[in-house]
Amino acid sequence: MSHPQSFSGSATTSVAVTGLDFAWPDGTEVFDGLQATFGPGRTGLIGINGSGKSTLLKLIAGELTPADGTVRVFGEVGHLPQNVTLDTALRVDDALGIADVRAALHAIEAGDVREEHFSTVGDDWDVEERATALLAQLGLDRIDLDRTVGEVSGGESVLLRLAALLLRRPDVLLLDEPTNNLDVYARQRLYAAVEGWSGALIVVSHDRELLDRVDQIADLRGGEVTWFGGNFSAYEEALAVEQEAAERMVRVAEADWRKQKRELTEAQVTLARRRRYGQKMWDSKREPKIVMGARKRAAQVSAGKHRILHEEKLAEAKERLDEAVEAVRDDDEIRVDLPYTAVPPGREVLTLTGLRLAYGGQLVKELDLRGPERIALVGRNGAGKTTLLRTIAGELAPVAGEAFVHVPLRFLPQRLDVLDDTSTVVENVARFAPDATNNRIRARLARFLFKGARADRLAGTLSGGERFRAALAALMLAEPAPQLLMLDEPTNNLDMASVRQLTSALESYEGALIVASHDMPFLESIGVTRWIELGAGD
């Protein structure tokens, strides 16, 4: 297989983040005094959903402005965002950012030797050859530079945007969930591009294969970055050792705390006995009053010092215990409980008849879905998976044929555009369940980690993973509850803990399921009963 070309960055290429403060307009704090330096090499930036990974990349790219602190980028920066959309009316060369250079080249070739054309071309005399070769290496050889973008798939949009970045040859490359929507072939091409990159690269991803191709891991947690040398597998091993030691320290600290509590109790009992004995001696007046008074005062001072000593030891033991517990990770995970939506075996759920899809004219053979079947839609980028789901959901009209849905249907689209960015999470969910009480909605959202004030955040301020959780919560509370659930690339933007929770939830779902995904381990884990591969001529 040929690989995308790589480009060398300067030895001084780096990103320095100093004292960075950032909060969303609604007051939600993301960073408070963040410090981090990213040097040459490939860095995997990881962290739980909502930890600020995408926000940090946007701050580095200059797309967001910090409230305080500085972001210094040494060299040109290129940013591939998490959600890529392209204007379908754009020409391909315009989408790649080379339209002006191509126009100048063609003018010079036609005999127009004005200086402005040479200035536009600069050193890019081979830009057309490089662009054509790069598109071929990324699997987009069918896309001609003079064509309009048209209705490209989500995966093809990512690859086109990546090609534009590679043609620019930036010193610092920022990739945010770049394997989202990519088929297995496109992922291999992306892996090759990452492996060949020799400048500074920061990649946010939940793709283990991609993260195993980086040089170091930066773990963003609690507003701080912790560094681990090596790839993601090395990080997991180091973290396992670290967590085992942390749990051992908790056990030691707990034992010490219990010991100090016991010794304090025993000391208090001993002192109480001494006080009773002293009082008895005072009452019986067996010694001179002045002697007994002096002894009583000395005993009180001694008792006070003894008590303070044990209380300080107990406080120190409690502090060590708290520090040990803090070192043990206990990340919250979403708890998805799908509504009871059992579909009896044999019940008619979906019927497709002679369906020909828009944007390519794929012919989908007769399909009859009955009972709680689980269908996986697979195929290359651009094969029509998303188009088929949108057609079934009634969002697109087919060119020919019909799609009949016989049960309540809910569709979670790839781009999660079911949410209104200007409304809060609670308000978005309420739109799908107008009869549900505010308390019921908030109780359900808490299971998706939107607790308290987090449920009042605007949807437009959510990270990719948070947005997925909010959209999924809206789908779960929708009325009527879905008996056919359709998911388009549901693991995009989810951290690994959330993928496990989604898998567990879908395992317990008793309705019919259609999932389009390139995540084969995920599809294999949810009990697919039928695989349908879409492609040219299907």
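Student: Is F228 buried or exposed?
Tutor: F228 is buried, at a relative accessible area of 10%. Buried means under 20% relative accessible area, exposed over 50%, and partly exposed in between, with a 1.4 Å probe and protein chains only. One caution: this is a predicted model, where local features need pLDDT of at least 70, side-chain atom pairs count only at pLDDT 80 or more, and totals for chains, interfaces and linings use all residues. Residues are numbered from 1 along each chain as its sequence is written, and side-chain values use heavy atoms, leaving out hydrogens and water.

Student: How many aromatic pairs are there?
Tutor: The count comes to five aromatic pairs. Rings of Phe, Tyr and Trp (its six-membered ring) pair if their centres lie within 6.5 Å; planes under 30 degrees apart are stacked, over 60 edge-to-face, and the rest tilted. One of the pairs is F228 with Y235, which is edge-to-face, with 4.9 Å between centres and 85 degrees between planes.

Student: And why is the pair of F232 and Y235 called tilted?
Tutor: Because their planes sit at 35 degrees, with the ring centres 5.4 Å apart. F232 and Y235 are three residues apart in helix α9 (residues 232-284), so about one helical turn separates them. Helices here are DSSP runs of H or I with at least four residues, numbered from the N terminus. Ring pairs join F228, F232 and Y235 into a cluster.

Student: New topic. Why is α11 called largely enclosed?
Tutor: Because six of the eight residues of helix α11 (residues 385-392) are buried. Among them are K385, L388 and I392.

Student: What follows α11?
Tutor: G394 follows α11, and its phi is positive, near 85 degrees.

Student: How do α12 and α13 cross?
Tutor: The axes of α12 (residues 425-432) and α13 (residues 438-446) come within 10 Å and cross at roughly 115 degrees. Axes are lines fitted to C-alpha atoms, for helices over the stretch in contact, with angles from 0 to 180 degrees between N-to-C directions. So α12 and α13 are roughly perpendicular, a term covering 65 to 115 degrees.

Student: Which residues make the contact?
Tutor: V425, V426, V429 and A430 of α12 meet N438, I441, R442 and L445 of α13. Contact means heavy atoms within 4.5 Å.

Note on methods
Helices (H or I, at least four residues) and strands (E, at least two) are DSSP runs, numbered from the N terminus. Angles under 35 degrees count as roughly parallel, over 145 as roughly antiparallel, 65 to 115 as roughly perpendicular and the rest as oblique.
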